[in-house]
Amino acid sequence: MPARLPEPSQPRATRRLEHLRKLARRVPFAMNLGRWLHRWLDPDLRAIERLRRQAPAGLLQPFPDTFDDRYPELFAALAHRLRGIERPRVLSFGCSDGAELRSLRRYLPHAELVGIDLNPRALGRAQAHLAAHPDALMRYHLAGDTRDEPRESFDAILALAVLRHGELEAGRPVDCADILPFAQATAALADLDARLKPGGWLAVWHAHYRVRDAAATAAYPAETLPFSQADPLDLLYGSDNLRLEGVTSAEVLFRKPA
Ligand SMILES: C[S@@+](CC[C@H](N)C(=O)[O-])C[C@H]1O[C@@H](n2cnc3c(N)ncnc32)[C@H](O)[C@@H]1O
């Protein structure tokens with residue numbers, strides 16, 4: 001019988017951390033203190049905390065999680081629908097550190113790309129990347145709405161992982177009013193509707209609200225994509241702020257009536 005190999009030993013730093021965690025679990029409040037210290041020491045977490053404390057008008061999802069090429073099918077579908085336009089104007093609402101806009105550039109090499117976000121630290125990272133890799137047709141703007149952009153000026157707008165809140169995801173409460181009321185999401189959708197050209201495309205995913213429940217976007221025809229059908233949204237809230245039981249939605253691409 002072959003000799004069993006010994007279990008690989010944990011690195012020393014991991015063992016020390018685990019030891020500290022065990023100690024902390026024995027001391028009342030130590031875990032909470034540890035979490036608080038972690039939040040206080042990490043500049044990214046501090047930026048999120050500040051945003052949540054200040055709660056600027058229009059704040060939706062306060063967490064800036066994002067990554068490169070997060071929605072490949074959606075980006076490709078959008079590029080396909082915009083193919084007849086020489087220089088499409090595209091807005092990423094809630095662009096975080098710019099990963100979304102940088103990914104979109106690969107699908108839309110000739111587009112004018114605008115990213116807006118409320119988180120100065122995430123946006124600073126986007127701007128720093130842009131300064132290091134100049135792109136004359138890309139810009140970022142620190143803002144919580146699109147009022148500085150001309151009306152009906154975008155061919156496409158993306159609001160991805162924005163019309164949601166991490167605390168709704170974590171607790172799945174019956175009523176979303178205290179965390180992110182329906183009215184907040186519909187105000188954002190009305191703002192986006194005003195900036196979208198007639199016939200323009202709105203992409204919404206990872207949302208807790210249905211686009212067509214909002215007055216401004218109620219008449220937008222909707223499309224699904226294979227990825228959204230395979231894994232539809234299943235934590236949804238209605239216009240009364242109550243969780244929609246047993247309801248899912250795979251609608252991801254919406255078109256403003258011409
Ligand atoms: C989870 S990230 C989404 C990033 C990217 N869209 C994605 O899907 O990977 C949500 C972002 O929305 C931003 N945000 C929340 N409310 C906003 C608002 N009213 N205006 C602009 N950005 C907002 C947050 O600061 C955060 O960076």
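**Exercise 1. Determine how strands β5 and β7 are joined, and in which sense they run.**

Solution. Step 1: β5 and β7 are antiparallel and are connected by 3 bridges; two strands count as paired if DSSP finds at least two bridges between them. Helices (H or I, at least four residues) and strands (E, at least two) are DSSP runs, numbered from the N terminus. Step 2: within this pairing, Trp201 lies opposite Arg255 in β7. Step 3: β7 also pairs with strand β6 (residues 222-224), again antiparallel and over 3 bridges. Here Ala222 faces Phe254 in β7.

The model is a predicted one, in which local features need pLDDT of at least 70 and side-chain atom pairs count only at pLDDT 80 or more, while totals for chains, interfaces and linings use all residues. Residues are numbered from 1 along each chain as its sequence is written.

**Exercise 2. Explain why strand β7 is described as largely enclosed.**

Solution. Step 1: a residue is buried if 20 or more other C-beta atoms lie within 10 Å of its own, exposed if 12 or fewer, and partly exposed in between, with C-beta atoms placed from the backbone. Step 2: strand β7 (residues 251-255) has 4 of its 5 residues buried, so the rest of the structure largely encloses it.

**Exercise 3. State how far helix α8 reaches, and what its buried residues pack against.**

Solution. Step 1: helix α8 (residues 182-195) has 14 residues and reaches 21 Å from its first C-alpha to its last, close to the 20 Å expected at 1.5 Å a residue. The expected span is 1.5 Å times one less than the number of residues. Step 2: the buried residues of α8 include Phe182, Ala185, Ala188, Leu189 and Leu192. An α-helix has 3.6 residues a turn, so residues three or four places apart point the same way. Step 3: the buried residues of α8 pack against β1, β4 and β5 (196-205), where two residues are in contact if their C-beta atoms, placed from the backbone, lie within 7 Å.

**Exercise 4. Are Ala55 and Ser96 buried or exposed?**

Solution. Step 1: Ala55 is located in the loop between α3 (43-54) and α4 (72-81). Because Ala55 has 9 C-beta neighbours inside 10 Å, it counts as exposed. Step 2: Ser96 is located in the loop between β1 and α5. Because Ser96 has 25 C-beta neighbours inside 10 Å, it counts as buried.

**Exercise 5. How many residues surround the ligand, and which classes do they represent?**

Solution. Step 1: the ligand is surrounded by 23 residues, the closest being Pro64, Thr66, Gly94, Leu160 and Ala161. A residue is near a molecule if its C-beta atom, placed from the backbone, lies within 6 Å of it. Step 2: this shell holds 12 nonpolar, 7 polar and 4 charged residues. Ala, Val, Leu, Ile, Met, Phe, Trp, Tyr, Cys and Pro count as nonpolar, Asp, Glu, Lys and Arg as charged, and the others, Gly among them, as polar.
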